[in-house]
Amino acid sequence: MHRLFYIFAMSAALLLSSCATVLNGTREEVKIDSSDPDAQLLIDGETHGFGSQSVKLERDEDHVIEVIPTKGDPRRVNISPRVNLLVVFNALLPGGTVASIIDWITGAAFNLEPDEVEFDFSQPDGSQYKDQ
């Protein structure tokens, strides 16, 4: 019985050391909230509609989110990739080295921060955004 458990545990470790590319993908959803529903949303200089929405962005790239309200000054925030530490630990598992290499190549080894931003145009305090 112990041998069967050992075989099952080793098989699970090999199979579950799957890479972040498979589990999380190479894009991450970022939630953008704006207090002005008619504010124009620009991501990396390209128009992405109006108001609040969730967008999927490449995990391994810097992004600039800019919101242009109907009244007032535009506000922007930088979104940056940060290494997902679970990918580092994944390399320690059997077969994890290959999975980690794939994660680095595809960009899935990163998480975007912040992954949620709120632009509050009702307060003219000059703050860019409210980090969640």
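This tour visits a surface patch and then a set of salt bridges in a predicted model. Local features need pLDDT of at least 70 and side-chain atom pairs pLDDT 80 or more, while totals for chains, interfaces and linings use all residues. Residues are numbered from 1 along each chain as its sequence is written, and side-chain values use heavy atoms, with hydrogens and water left out.

Select V83, L85, L86, V88, F89, L92 and W104. Together they form a nonpolar surface patch with about 770 Å² of accessible area (Shrake-Rupley method, 1.4 Å probe, only the protein chains shown counting as cover for residues). Patch members have over 30% relative accessible area and no salt bridge; like charges are joined within 9 Å, and nonpolar side chains (Val, Leu, Ile, Met, Phe, Trp, Tyr) within 5 Å.

Next, show helix α3 (residues 85–90), which gives the most to this patch, four residues. Helices (H or I, at least four residues) and strands (E, at least two) are DSSP runs numbered from the N terminus. L86 lies in α3 and is exposed at 61% relative accessible area (exposed is over 50%, buried under 20%, partly exposed in between; 1.4 Å probe, protein chains only).

Now turn to the salt bridges (a side-chain nitrogen of Lys or Arg within 4 Å of a carboxyl oxygen of Asp or Glu); the count is four.

- Select E58 and R27: their side chains meet at 2.6 Å, N to O. E58 lies in strand β4 (residues 53–58) and R27 in strand β1 (residues 27–34), so the pair ties together parts 31 residues apart in sequence.
- Select R59 and E28: this salt bridge spans 3.2 Å, N to O, and both residues are buried.
- Select E66 and R76: their closest N and O atoms are 3.3 Å apart. E66 is buried at 17%, whereas R76 is partly exposed at 41%.
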